[in-house]
Amino acid sequence: MNFIDNLMKKIKYIVIFFLCGFGTLSLFSGCEIQESFEYDYAEDNSKLNMSAWTYIQGKDSLSLLKQAIFQCKDEALYERTEKATFILPTNQAFTAYLKENKYDNIAAIPIPIVKDILRYHIVKAVVNFSDPALAPSNKPIAYTTEKGQTMYLSHTSTYVGLINEGTNNQWQIRTSNLVPDNGVIHVVDHIVFLSEKTK
């Protein structure tokens, strides 16, 4: 009886082992890779061979930004030959902003406000997170924006870019270090703004 009990236990474990293995294989074969909704990894320093404006026009995810730029007739800010850092808010960023501020659409936002938003999102320097000056993680550096206000840029130890780290409000960059002909692009899912330092 003891021998039969032991044999039955071994058979039971073997059957469970094969069923688990088959279930795992079925699970993986039926799965698709889902895109990251927190951070989009792009090849570092991807050369775009176009201006920031041309890049914006070619991306469906930036169509609300394109509308905002058209509304202010600010295409020249993104076509310029003088190099800059362009922080590009996605449709998700503008949709959240519209909802929070009770605007029906981009056209409903007063033009001076849209101009201020656009100008705060352009830094008057080329800030690429592979720059040796930015090598230390979590060390924000102050830069002047087209609006004349300060924006702090830094990155985590895993090189995820941060905007205004060490202030009352900080935001994570979704895609960083894209290189148009006229500077560098970082894409964000937020409308960012001047924030006071906490330290």
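Visitor: Thank you. What kind of model is this?

Guide: This is a predicted model, in which local features need pLDDT of at least 70, side-chain atom pairs count only at pLDDT 80 or more, and totals for chains, interfaces and linings use all residues. Residues are numbered from 1 along each chain as its sequence is written, and side-chain values use heavy atoms, with hydrogens and water left out.

Visitor: And what average pLDDT does the protein have?

Guide: pLDDT is the predictor's confidence in each residue, from 0 to 100. The protein averages 85, and 77% of its residues score at least 70.

Visitor: Where does pLDDT stay under 50?

Guide: That is the case over residues 22-42. For this stretch the model has 15 contacts beyond four places in sequence.

Visitor: How many helices and strands are there?

Guide: The protein has six helices and eight strands. Along the sequence they follow the pattern α-β-α-α-α-β-α-α-β-β-β-β-β-β.

Visitor: How much of the protein is buried?

Guide: Of the 199 residues, 40% are buried. Buried means under 20% relative accessible area, exposed means over 50%, and partly exposed lies in between (1.4 Å probe, protein chains only). Among contacts between residues at least 6 apart in sequence, 62% join residues at least 24 apart.

Visitor: Let us turn to helix H3. Which of its residues are buried?

Guide: The buried residues of H3 are Leu64, Leu65, Ala68, Ile69, Gln71 and Cys72. Seen down the axis of H3, they fall within an arc of 160°, so they line one face of the helix. The arc is that of the directions from the helix axis to the C-beta atoms.

Visitor: Why would residues three or four places apart point the same way?

Guide: An α-helix has 3.6 residues a turn, so residues at that spacing, three or four places, point the same way.

Visitor: What do the buried residues of H3 pack against?

Guide: They pack against helix H2 (52-57), H4, strand E2, H5 and H6.

Visitor: What follows H3?

Guide: Lys73 follows H3. This residue has a positive phi of about 55° although it is not a glycine. Lys73 sits in the loop between H3 and helix H4 (75-79), and it is exposed, with a relative accessible area of 68%.

Visitor: Now H5. Which residues are buried there?

Guide: In helix H5 (residues 91-100), the buried residues are Asn91, Ala93, Phe94, Tyr97 and Leu98. Viewed down the axis of H5, they fall within an arc of 155°, so they line one face of the helix. On the other side of H5, Lys99 and Glu100 are exposed.

Visitor: What covers the buried residues of H5?

Guide: The cover includes helix H3 (63-72), strand E2 (84-89), helix H6 (111-120) and E8.

Visitor: At what angle do the axes of H3 and H5 cross?

Guide: The axes of H3 and H5 cross at roughly 70° and come within 7 Å. Axes are lines fitted to C-alpha atoms, for helices over the stretch in contact, and angles run from 0 to 180 degrees between N-to-C directions. H3 and H5 are therefore roughly perpendicular to each other.

Visitor: Changing topic, is Val184 buried or exposed?

Guide: Val184 counts as buried, at 0% relative accessibility. This residue is in strand E8 (residues 183-188).

Visitor: What does Val184 touch?

Guide: Not counting residues up to four places away in sequence, Val184 touches Ala84, Thr85, Phe86, Val126, Val127, Asn128, Asn177 and Leu178. The C-alpha atoms of Val184 and Ser46 are separated by 9.7 Å, while the two residues are 138 residues apart along the chain.

Visitor: And where does Thr150 lie?

Guide: Thr150 lies in strand E5 (residues 150-155). Thr150 is partly exposed, with a relative accessible area of 28%. Not counting residues up to four places away in sequence, Thr150 touches Tyr120, Ala142, Tyr143, Asn164 and Leu194. The C-alpha atoms of Thr150 and Tyr120, 30 residues apart along the chain, are separated by 8.4 Å.

Notes: Contact means heavy atoms within 4.5 Å. Helices (H or I, at least four residues) and strands (E, at least two) are DSSP runs, numbered from the N terminus. Angles under 35 degrees count as roughly parallel, over 145 as roughly antiparallel, 65 to 115 as roughly perpendicular and the rest as oblique.
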